[in-house]
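Please look at the sequence and the 3D structure below. A short report on how the chains meet follows.

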Protein chains: 4
Amino acid sequence: MIRFNCDYSEGAHPVILEKLAQTNLEQTPGYGQDPYCRQAAELIKTLCQTPEADVHFLCGGTQTNLTVIAAMLRPYQCVISPDSGHINVHEAGAIEATGHRILAVPEENGKITAQQIARVCQAHWQDDNPEFAPQPKLVYLSFPTEYGTLYSKKELSDIRRVCDEHNLYLFMDGARLGYGLTAEGNDLTLPEIAACCDIFYIGGTKLGALLGEAVVIVNPKLQKDFRYFMKQKGAILAKGRLLGIQFVGLLENGLYFKLAEHANKMAAMIRHACEEAGWKMWYDSPTNQQFPVVPDDALKELEQEYAFAHFKRLDRNHTAIRICTSWATREEDVRQLIADIKRVSAK
Amino acid sequence: MIRFNCDYSEGAHPVILEKLAQTNLEQTPGYGQDPYCRQAAELIKTLCQTPEADVHFLCGGTQTNLTVIAAMLRPYQCVISPDSGHINVHEAGAIEATGHRILAVPEENGKITAQQIARVCQAHWQDDNPEFAPQPKLVYLSFPTEYGTLYSKKELSDIRRVCDEHNLYLFMDGARLGYGLTAEGNDLTLPEIAACCDIFYIGGTKLGALLGEAVVIVNPKLQKDFRYFMKQKGAILAKGRLLGIQFVGLLENGLYFKLAEHANKMAAMIRHACEEAGWKMWYDSPTNQQFPVVPDDALKELEQEYAFAHFKRLDRNHTAIRICTSWATREEDVRQLIADIKRVSAK
Amino acid sequence: MIRFNCDYSEGAHPVILEKLAQTNLEQTPGYGQDPYCRQAAELIKTLCQTPEADVHFLCGGTQTNLTVIAAMLRPYQCVISPDSGHINVHEAGAIEATGHRILAVPEENGKITAQQIARVCQAHWQDDNPEFAPQPKLVYLSFPTEYGTLYSKKELSDIRRVCDEHNLYLFMDGARLGYGLTAEGNDLTLPEIAACCDIFYIGGTKLGALLGEAVVIVNPKLQKDFRYFMKQKGAILAKGRLLGIQFVGLLENGLYFKLAEHANKMAAMIRHACEEAGWKMWYDSPTNQQFPVVPDDALKELEQEYAFAHFKRLDRNHTAIRICTSWATREEDVRQLIADIKRVSAK
Amino acid sequence: MIRFNCDYSEGAHPVILEKLAQTNLEQTPGYGQDPYCRQAAELIKTLCQTPEADVHFLCGGTQTNLTVIAAMLRPYQCVISPDSGHINVHEAGAIEATGHRILAVPEENGKITAQQIARVCQAHWQDDNPEFAPQPKLVYLSFPTEYGTLYSKKELSDIRRVCDEHNLYLFMDGARLGYGLTAEGNDLTLPEIAACCDIFYIGGTKLGALLGEAVVIVNPKLQKDFRYFMKQKGAILAKGRLLGIQFVGLLENGLYFKLAEHANKMAAMIRHACEEAGWKMWYDSPTNQQFPVVPDDALKELEQEYAFAHFKRLDRNHTAIRICTSWATREEDVRQLIADIKRVSAK
């Protein structure tokens, strides 16, 4: 069984394991106050061209999302999110458990628009008693989105402008950031993203690390006391170096981006094979997640040997599935899958 | 500089790193549903003699404490803890952030007694309006305590009895469980602890792992839906195998207990040297944490070469410090420290 | 200016003020433990034919909703509500502030169906990882709905059945319960409602009282420790008798239902006038809230003398407004309004 | 049975009931946006000499405390309170339910000192990892205290100074404020209190109103968005005028202070009788709460006819009780009690 169902089926990239082994017996201070966390933070600030940013390392996406959002909002404020947003769909109510409503806005291709955000704010502030509804204060986006799609530079700038007009913060979930930055057709750079966001993160878990998300707090107003929030949510690792060392490994020689490129390339090959087979793509994703619409007969046969994620039952005979590649995806496995797609679709 | 200030200054025991490397490219399901987590859970249930228990793997102590306590209580209930308890002193209000009061009871030697717990409950229920105060429902203990001391079998059984009488759950923080189980003078076994507690955990972070705490839910009533709580608190790792593999490594050949014994032995050597030097021990700990009262002159000199944790300023000339050993403490470093203690105390 | 914008523009029905004056200097225990609260509770249990129910008195709708919902759910559970539900639209995120998601379902005529509820539950439990989303556990309905409409006996029974099938609680917001029970075409009785719900309340604030909502806990499993929840949310009045006395006044001679009938009658007269004027009703409400679609010219003229609530801007020339009547609405004011509707619509 | 067990055994002062009756049929906007709330707010701002303050009306003490404290703190901050503080003893964990720890400091005579507060802050900020404990940000005091005692002008100024030094807010619970302001020996005026506090409230429930607490937000930084907090906690009454009208009644002719004086005078008479009887006073209170130490025989006899609150069992034969007077206490009842105290103590 070869797994294409997600991008966290393996351990870490070997370079990271080596780095952990090399540094294993060094003694360092705990709680992220070690030289490796500092070095990783410096690397990130340089890459983002944000010398004044604060950088913190957390363990996973849900933990990061709930800690960041709780830190950005007063108790009566809410977060605007695409209805397909990870916080709205896959986090067990973690945001509400911190006391905040998610104001879900209908996505298109996994994205929401500046105009939709503006309308939400106008509706709130035009009410006779705005205080009878949670106050919009924060926009949550993912790049790439849950469906592998990307905001363009224009779309993101428009959203930033609306945020400024309506006094909103902008928070980007970058659990798969690298896949987006290296995708074909992407027109955003890391410094441009950093300049647009109040806060965002660079995801490690889904891109080569054992675990780890690097939160970049660009807006100085949000930097104060962030470690209190982290500690209170159980998000400061005793052996914080575990995260710092991994991000050094990923970032010091551009490994992070090379791994992302590889995964995107593998995904594009699979996409091409699906299209050749006449299978429609449910979303038009240039990144490591692909959503082909597969006839059930073909799917059943493929699933003898491959694991996919079932995304959506479309009709009596078709299912949209999610195929993920990652740093660990082997080209030989992809070629075998392609051959099998060709075979089962030819029947 | 040699660090004795805590037991998480290094990475993981080499056996664990090897195991991570060996399994690195295997593909497994995510979220703790992999074969390694299952194997580790089986090992733990066997060691605890609790075939019906549920076992879950979380990342660190604060995360575990807040997730478990939030899962055990209704919103109006509170947790009884020694005032020195980790949840009361070192967790940034993480428990209150889940909505619950910590009812802190004065510790002696880091411990509280069955009688103290009973008195708290009697006071609550004898009030004319018990509903005007949070309802005691849970006792939180650490084994070993924050001060390295241990509950005896008699003390723990008495507490269990009081819990039964007052309808309380018992939750043991075992962040350093191994050090306690292998300590000289300890009369409790792991199965006895499991039989006494409704829930407890076996700490990995402070005993050889990169990170990881294994929660054992003994009471069937508390098993239901625990993964919802974990997910909501950001406590389910995508690559959950990272935790499972480590606990397999620690437990399959008794490594966990050997490492604890080593640390305890190193601590005893240091303790002996302190006593020889005429330094009083602030607590009588048989485990890996020692609290000698050190004259400031001597301390200043030692701190040229060693890192300790300052525990308490006692008078104008004396400080109680905390010295920690761990699986990674080298006997040669201990011997050097002992020689230096002898030297500075001889002046 | 005559106010038709809501049903809480005046104080209390005179009978209630008299009763408060008569009993004013009696000394009673505080916190709802007085004879009047007991008497009111007995009246309610008799009217509902629920001798085993618990009855508690709270101050207002939002307070009641947040206290009840927090009491019914575990932290990871969520409440299903029509998207137009009061908790979803007018309560400033009060439910989320207790940690719970509102799972909003699209309403039709202010109502949701048994089938919609079933689908939500099926979707949750069929997911591979149900624990990655909040668990549906409670259905929140209003009777009458926010739009003045009513569930039929058949609709409510179907919902109850689906609740039983999916292990859900049913909670009815009865802030305007009396208006519904006395409405033309209603086929539900108070005992039938009580038999269908796990918990519901009889609203006083919007039906003749200064303030006050009487919560009826029918399901014995939900009765335990409810006063802890009330106290923790600041929902136990020191002078609880203020609530008990009012409900005695409202219920001992059927005043509550007479007042509701009066308001419904006044509303029907206004509705008739609107229809005569050729104005469409946006919702088909048999209760004290009416939603005529009014041409802007006419509206502007009427608003010289009357206050309405603007419900929805429909097109360039029309607005749906909300007209409320209450126990305090005077027939002469209604007749004057009707004359003016005739006048402005005749132009 | 004559009740001296609390100061909320009766309804409201007759002037208030009259005012409610007179205004009953007037139509006003809801939610505290009526002319009476505005008038009451103006009266209060004038009395406090705080023309720039915001004034809001809430229902009761616990509701007010939890709403105000939640509004003043970020999630990781805590509130310093005397261990005898109402929020720490009588509110069912309401503060913790909003996510915040109460940092309880040992009281003396119900009070804490500037020095104690300073020490708490110093301890926090001197820690190596302050972020591992909740951050002190707010001091909660009651005037009078739970034991009827008063802070002097000097004591309160010292506390204010320490608050400024450590960047703390000061919040005064004035549930019984009038009793303190009119007490013999009190050297603080209402404007002085207003000048010292960031926020405080003037209690109505325990001083003549049916219910109601008037929150005065002096610090402009805390004024923003307070109504969101109120709404979210269910603390905005639909018929908000009920509160406004009562405070107009209490404050427009100084009634509030006359009622307080009366109660204090009644309490002083009882105190004198107790002292004559040779009964020690457990606290030295100049306000409407008295805490005599009563021999059990005498107590048993008195309790045939009077209700008191049992405060503390002192030894085998003595109990400290709490005797409360109020606006409604009749001098004839006090004289009868005094005679009975004389009688039972003479045996």
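## Contacts between chains

Across the interface of chain A and chain C, 10 residue pairs are in polar contact, both residues at pLDDT 80 or more; a polar contact is a pair of N or O atoms within 3.5 Å, where within protein one must be able to donate a hydrogen and the other to accept it, and residues adjacent in sequence count only if both atoms are side-chain atoms. On the side of chain A that touches chain C, α4 (86-89) and α5 (94-97) each supply at least two residues. The largest share, three residues, comes from α4(A). Helices are DSSP runs (H or I, at least four residues), numbered from the N terminus.

This is a predicted model, in which local features need pLDDT of at least 70, side-chain atom pairs count only at pLDDT 80 or more, and totals for chains, interfaces and linings use all residues. Residues are numbered from 1 along each chain, chains are lettered from A in the order in which they are written, and side-chain values use heavy atoms, without hydrogens and water.

The table lists values for this interface.

| Item | Value |
|---|---|
| Residues in contact (heavy atoms within 4.5 Å) | 17 of chain A, 17 of chain C |
| Buried area (accessible area, 1.4 Å probe, lost on being put together, summed over both) | about 1200 Å², 44% from carbon and sulfur atoms |
| Salt bridges (side-chain nitrogen of Lys or Arg within 4 Å of a carboxyl oxygen of Asp or Glu) | two |

The side chains of E96(A) and R101(C) meet in a salt bridge, at 2.7 Å from N to O.

How values were computed
Buried area is the accessible area (1.4 Å probe) that two parts lose on being put together, summed over both.
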